[in-house]
Amino acid sequence: MKDLTQKIISFSKKKGFVFPSSEIYGGFNSCYDFGPLGVELKNNIKRYWWQAMRQNGNIVGLDSSILMNPIVWQASGHLTVGFADELVECKECHRRFRDDFVGEKCPDCQGKFTPSRKFNLMMKTFVGPVEDQASQTYLRAETCQGIYLNFQNVLQTMRMKVPFGITQIGKAFRNEINPKDFIFRTREFEQMEMQWFCHPKEADGFFNYWKEKRIEWYLSLGVKRENLRMVEVPKEERSHYAQRQIDLEYRFPFGWKEVEGIHNRGDWDLSNHAKHSGKDLKYFDQEKKEKYFPYVIETSVGVERLFLALLVSAFQEIKGGREGNAVKEEEIVLAFDKKITPFKAVILPLVKNKEEVVEKAKDVYRELASFPVYYDETGSIGRRYRRADEIGVFWAITIDFDSLKDQSVTIRSRDTMKQERVKIKDLKECFIKEFFLTG
Ligand code: ATP
């Protein structure tokens with residue numbers, strides 16, 4: 001299975017999904033860049049997540065800053081609770097232990113430890129020209145803190161009523177001591193987080209509601225149920241803010257690993273920010289005349305981890321090729337769901353040495369250019385189909401000699417390889433119906 005990870009790493013680079021960062025200087029510490037296909041996939045994943053959240057109703061968005069007043073991280077517990085000790089981290093399972101509490105090997109998995117050090121995950125930086133204690137702050141370790149700080153702003157400007165949610169997508173940074181497994185664990189990553197504010201008495205019900213919703217979302221992207229599991233995290237292993245925690249795990253080639261965390265954060269964040277800021281962050285229910293700190297149910301997923309899970313899930317190697325395909329050895333098909341696939345279609349002139357056919361194909365391309373499509377005229381038609389299948393293109397649209405007469409094209413489907421003749425004038429509508437009206 002390790003082989004598959006290696007295969008996916010080199011495939012990602014070869015096809016323009018993921019490149020090592022600063023490659024010409026030998027790379028940099030588990031940092032990665034997303035290439036032309038990677039950025040399309042990432043954007044599609046984020047768009048679909050945002051859309052799905054919004055469809056739940058009563059959820060609004062936010063884009064808060066990465067740099068914040070450092071007191072935020074005192075209040076949130078990130079600078080104090082659990083991070084202030086001398087720690088060792090197990091190189092295998094990543095559990096961290098107080099150095100004085102354990103022996104040579106991890107009690108859980110017998111893995112080796114990193115050397116002990118004062119360890120804090122927060123990434124320090126300085127704001128302004130003087131690098132002293134007063135100008136020191138941190139790159140955010142999770143996007144949700146910006147949501148709590150704006151809780152009252154959002155309540156007031158949008159006249160929200162509990163229960164409601166706030167979503168945010170953005171970069172987060174953690175000074176991981178052991179980044180590994182390609183883009184699975186990095187020091188810079190993006191999170192998609194939703195914070196659901198509810199009455200404390202309703203928190204358990206909403207926790208279960210969101211757990212189900214999130215599983216449904218993964219299934220709607222074609223991820224197989226048997227490759228997903230939910231693990232209830234016992235009290236002693238939970239994050240410092242969590243009253244209840246479920247890790248949603250995906251079966252990666254390197255084992256079952258967390259992709260998303262679903263947490264009941266109680267009133268940990270709002271009450272601590274109220275304490276540190278001296279501001280009233282309680283919610284007042286006008287009808288019931290009740291004032292309280294809402295509890296927060298959080299769903300938090302890393303974009304890159306999800307990207308990797310979806311890439312693994314879509315990656316199909318078919319020995320000897322699919323039936324009817326002139327492939328001798330191995331065919332690769334990236335069977336991405338059409339909602340997130342980087343390109344929906346490729347426009348192909350059947351031949352490149354017939355001017356009228358090429359011109360017609362370019363006309364079709366111009367007609368569809370506002371959709372995620374590209375144009376390809378290099379190589380035999382079979383080879384171009386293979387190339388498109390390899391990067392998950394959903395439709396291959398071919399313009400041939402007949403197109404000049406009947407003003408029609410052939411649409412070949414990636415998954416069924418079936419071909420269908422469609423009038424050029426109907427193409428736009430076909431696109432809208434296939435890709436934009438089905439969620
Ligand atoms: P882990 O146990 O793997 O370190 P975590 O439990 O600390 O993760 P959370 O704080 O719950 O993670 O963060 C929510 C999500 O953010 C995770 O499920 C993961 O998808 C993503 N995430 C967290 N840390 C990283 C990282 N270093 N690199 C990439 N994604 C990350």
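Let me start with helix H6, residues 203-219, which lies across E3, E10, E11, strand E12 (244-252), strand E13 (255-266) and strand E16 (295-302). H6 runs at about 150° to E13. Axes here are lines fitted to C-alpha atoms, for helices over the stretch in contact, with angles from 0 to 180 degrees between N-to-C directions. Helices (H or I, at least four residues) and strands (E, at least two) are DSSP runs, numbered from the N terminus.

This is a predicted model: local features need pLDDT of at least 70, side-chain atom pairs pLDDT 80 or more, while totals for chains, interfaces and linings use all residues. Residues are numbered from 1 along each chain as its sequence is written, and side-chain values use heavy atoms, without hydrogens and water.

Now the sheet. It is open and mixed, with seven strands ordered E3-E9-E10-E16-E13-E12-E11; a pair needs at least two DSSP bridges. Strands E3 (59-62) and E11 (228-232) are at the edges with a single partner strand each, so one side of each has no neighbour in the sheet. Strands E9 (164-173) and E10 (188-198) run antiparallel, joined by ten bridges. Ala172 is opposite Phe189 in E10.

The largest nonpolar core has 65 residues: buried Ala, Val, Leu, Ile, Met, Phe, Trp, Tyr and Cys joined through side-chain atoms within 4.5 Å, buried being under 20% relative accessible area (1.4 Å probe, protein chains only). Helix H8 (303-314) contributes the most to this core, nine residues. Among those with the most contacts inside the core is Tyr218. Beyond four places in sequence, Tyr218 is in contact (heavy atoms within 4.5 Å) with residues including Leu228, Val259 and Leu306.

Conventions: Buried means under 20% relative accessible area, exposed over 50%, partly exposed in between (1.4 Å probe, protein chains only).
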